[in-house]
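Take a first look at the fold before reading on. Then follow the chain from its overall plan down to single side chains.

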Amino acid sequence: MAAAFEVTGFLMGLAGWMLTGSTLANNYWKISTVYGSVITSSRLYENLWKSCAQDSTGVFNCRMFETMLGLPAYVQACRALMIIAVILGVISSVLTLFGLKCTSIGNMEEAVKGKIAMTGGIIFILAGLCGIVPVSWYAYSITMEFYNPIYGGTKYELGSALYIGWAGSALLILGGSFLCCSCKRNKQTGGYKYASAQGGQRIYTKTESAQSKAYV
């Protein structure tokens with residue numbers, strides 16, 4: 001059962017990492033709204049790296065953000081956090097792959113593999129947190145500008161990249177939680193039992209695990 005938890009957590013974390021990476025490269029972080037707008041022949045959309053305009057014929061033109069210091073502070077923070085989330089996802093995927101019970105690398109003991117898997121699970125959770133914060137922050141900024149009656153600039157709506165980012169972050173956190181839970185289940189399999197002895201004394205002996213019995 002613990003092995004199934006580990007594999008499930010690893011697959012969920014891997015899928016979450018892939019979704020988070022696709023969120024970083026997605027163009028549609030925010031899309032200009034047609035609500036209350038007279039001109040609907042063109043549409044604007046942006047991500048963390050560039051701003052694009054598309055007309056009614058499907059022709060689009062993109063402009064990269066030329067300066068980083070000229071961007072809003074939340075955009076710079078979102079860039080950094082998303083990159084950190086992707087890097088942490090790579091590290092946790094490699095660690096978890098080495099720590100899975102179904103993988104055999106050298107003569108690594110089960111206790112060591114369990115610790116490696118738990119470390120990978122914790123890093124998966126950290127990657128999910130680093131991914132959900134910038135997505136939610138970016139969505140909050142869009143929402144505040146949309147409902148601000150004195151805001152005179154172009155108003156935007158939430159793009160598809162934000163929903164993908166939320167899904168990827170949730171999978172990362174769930175996958176890391178599954179890995180941590182599987183390691184706790186492994187620790188609880190060992191215990192102590194007592195046997196009655198003469199004179200009313202009780203002798204405590206450590207129970208053998210299923211794997212140790214298999215080698216006898």
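This is a predicted model: local features need pLDDT of at least 70, side-chain atom pairs count only at pLDDT 80 or more; totals for chains, interfaces and linings use all residues.

Residues are numbered from 1 along each chain as its sequence is written, and side-chain values use heavy atoms, with hydrogens and water left out.

Start with the overall plan. The protein has five helices and seven strands. Helices (H or I, at least four residues) and strands (E, at least two) are DSSP runs, numbered from the N terminus. Along the sequence they follow the pattern α-β-β-β-β-α-α-β-α-β-β-α. The protein has 216 residues, and 33% of them are buried. Buried means under 20% relative accessible area, exposed means over 50%, and partly exposed lies in between (1.4 Å probe, protein chains only). Now look at the contacts, meaning heavy atoms within 4.5 Å. Take those with a separation of 6 or more: 62% of them are between residues 24 or more positions apart.

β1 and β2 run antiparallel and are joined by two bridges. Two strands pair if DSSP finds at least two bridges between them. β2 also pairs with strand β3 (residues 50-54), again in the antiparallel sense, over four bridges. A hairpin through three residues joins β2 to β3. Which residues stand opposite Tyr45? Ile31 stands opposite Tyr45 in β2. In β3, Cys52 is the bridge partner of Tyr45. In a regular strand the side chains alternate between the two faces of the sheet.

How many salt bridges does a search of the whole structure find? It finds one. A salt bridge is a side-chain nitrogen of Lys or Arg within 4 Å of a carboxyl oxygen of Asp or Glu. Here the partners are Glu46 and Lys30, with their closest N and O atoms 3.6 Å apart. This pair links distant parts of the chain: Glu46 is in strand β2 and Lys30 in strand β1, 16 residues apart. Are these two residues buried or exposed? Glu46 is buried because its relative accessible area is 16%. Lys30 is buried too, at 7% relative accessibility. Lys30 also lies over the face of Tyr156, at 4.5 Å from the ring centre. For a charge to sit over a ring, NZ of Lys or CZ of Arg must be within 6 Å of the ring centre and within 35 degrees of the ring normal.

Now turn to the rings. A search of the whole structure finds five aromatic pairs. Rings of Phe, Tyr and Trp (its six-membered ring) pair if their centres lie within 6.5 Å; planes under 30 degrees apart count as stacked, over 60 as edge-to-face and the rest as tilted. Tyr28 and Tyr45 form a tilted pair, 4.6 Å centre to centre with 35° between the planes. Tyr28 lies in the loop between α1 (2-25) and β1 (30-32), and Tyr45 lies in strand β2 (residues 43-46), so the pair ties together parts 17 residues apart in sequence. Tyr28 is partly exposed at 32% relative accessibility, whereas Tyr45 is buried at 4%.

Tyr163 and Trp166 form an edge-to-face pair, 5.7 Å centre to centre with 70° between the planes. They are three residues apart in helix α4 (residues 160-189), so about one helical turn separates them. Tyr163 is partly exposed at 49% relative accessibility, and Trp166 is partly exposed at 27%. Elsewhere, ring pairs link Trp29, Tyr74 and Tyr138 into a cluster.

Thr23 lies in helix α1. It is buried, with a relative accessible area of 0%. The side chain of Thr23 reaches the backbone oxygen of Leu19 at 2.8 Å. That is a polar contact: a pair of N or O atoms within 3.5 Å; within protein, one must be able to donate a hydrogen and the other to accept it, and residues adjacent in sequence count only if both atoms are side-chain atoms. Leaving aside neighbours within four places in sequence, Thr23 is in contact with Trp29, Met82, Ala161, Ile164 and Gly165.

Val135 lies in helix α3 (residues 110-146). It is buried, at 1% relative accessibility. Not counting residues up to four places away in sequence, Val135 touches Trp29, Met82, Leu162, Gly165 and Trp166. Val135 and Trp29 are 106 residues apart along the chain, yet 8.8 Å separates their C-alpha atoms.
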